[in-house]
Amino acid sequence: MIIIDIPKDFSRTPGWRTYEDGPFSGEEFFDKLLKDSFAKAKNKGVKLKVILDGSDGYTTSFLNEAFRLLGKEFGSDFVWNNLIIVSNEVPKYIERIKKGVYAMETK
Amino acid sequence: MPKAMETVWGENGRCPELFGTIGEMLRNACDHAFTNGHKIVWHLGVSHLEHQNTVKFSFVDNGVGIINNYNNRTNWAKVLAVFKNNAAVLEKAYKKGIESQTGLPWRGEGLPTIYELYNDNIITNLVVITNNVYLDFDKNIFKEINVPFSGTYYFWKVDKTCKPAYFV
């Protein structure tokens with residue numbers, strides 16, 4: 001299994017949607033960490049675990065953009081079936097991520 | 001945020017949902033409040049009432065306001081045909097979002113996320129004033145007012161009646 005711990009590996013204070021919105025955006029997280037980590041997990045035939053706990057908090061736009069781009073790149077069902085999201089502090093983040101993964105299919 | 005949690009709960013801690021929601025307000029201010037992004041002005045006020053274990057927050061931007069912003073960009077007459085007035089539109093926007101019914105471009109879920117924080121009892125006494133609309137969710141008052149305000153103002157409290165959604 002490949003693991004991303006967002007507060008430790010990316011930022012404890014994630015930002016908003018795109019680079020234009022400021023540092024540590026969902027788009028930046030996708031480009032710098034999420035995309036390659038998921039690709040590695042796919043190549044190894046393992047799941048990607050993403051740990052959200054320990055941050056100062058997430059905006060919906062950060063979560064939506066990062067995982068929308070992941071779903072667009074690898075396919076929504078494949079992504080959702082190969083992700084393990086750890087969000088014990090705020091469980092509702094998991095549903096927001098799922099919405100992001102499937103966002104391109106509902107447009 | 002850690003200081004606010006200490007005032008209310010007696011411990012320094014993170015409150016991810018409140019932190020994220022203030023982020024939504026900031027984002028809305030930048031996205032919706034101004035036509036000229038270089039003139040963004042907002043203010044976050046935090047008052048600690050230590051003897052009452054209460055923290056009062058206010059967030060204000062002096063942009064065009066939520067109603068005027070969408071009035072400028074969408075067919076507001078069509079929206080108002082569905083709802084009885086601006087206050088009813090915004091009540092719906094905060095509680096459930098209205099994109100699916102009206103085609104309004106609420107791309108994010110910022111407004112419902114703000115209400116969700118209140119509905120989950122992580123904050124209390126949520127009041128929103130924007131343009132000619134006054135929303136007081138505690139008192140169930142959603143009305144138009146005669147003193148239009150160009151901008152968006154939020155007020156809320158965190159006290160001991162709230163859910164302790166903090167992490168040390």
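Two strands pair if DSSP finds at least two bridges between them. By that rule, β1(A) and β2(A) (residues 48-51) are parallel partners joined by 4 bridges. The model is predicted: local features need pLDDT of at least 70, side-chain atom pairs count only at pLDDT 80 or more, and totals for chains, interfaces and linings use all residues. Residues are numbered from 1 along each chain as its sequence is written, while chains are lettered from A and ligands numbered from 1 in the order in which they are written.

**Sheet of chain A**

- Chain A has an open sheet of 3 strands in the order β1-β2-β3, with parallel pairing.
- Strands (E, at least two residues) and helices (H or I, at least four) are DSSP runs, numbered from the N terminus.
- β1 (2-5) and β3 (83-86) of chain A are the edge strands, and each pairs on one side only.
- From one strand to the next, the twist averages 15 degrees.
- Opposite A:I4 stands A:V50, a residue of β2(A).
- Helix α2 (residues 26-44) of chain A packs on the sheet and touches β1 and β2 of chain A.
- The direction of this helix makes about 165 degrees with that of β1(A).
- Axes are lines fitted to C-alpha atoms, for helices over the stretch in contact; angles run from 0 to 180 degrees between N-to-C directions.

**Interface between A and B**

- Contact joins 10 residues of chain A with 14 residues of chain B.
- Two residues are in contact if their C-beta atoms, placed from the backbone, lie within 7 Å.
- On the chain A side, the residues divide into 3 nonpolar, 5 polar and 2 charged.
- Here Ala, Val, Leu, Ile, Met, Phe, Trp, Tyr, Cys and Pro count as nonpolar, Asp, Glu, Lys and Arg as charged, and the others, Gly among them, as polar.

**B:P16**

- B:P16 is found in helix α2 (residues 16-33) of chain B.
- B:P16 is buried because 24 other C-beta atoms lie within 10 Å.
- The cut-offs are 20 or more such atoms within 10 Å for buried, 12 or fewer for exposed, and partly exposed in between.
- Leaving aside neighbours within four places in sequence, B:P16 is in contact with A:S55, A:D56, A:G57, A:Y58, A:E89 and A:V90.

**Nonpolar cores**

- A nonpolar core is a set of buried Ala, Val, Leu, Ile, Met, Phe, Trp, Tyr and Cys residues joined through C-beta atoms within 7 Å.
- The largest has 38 residues, of which B:M25, B:L90, B:Y94, B:I123 and B:L135 touch the most other members.
- Not counting residues up to four places away in sequence, B:L90 touches B:I66, B:I67, B:V133 and B:L135.
- A second, separate core of 22 residues includes A:F30, A:L69, A:L83 and A:I85.
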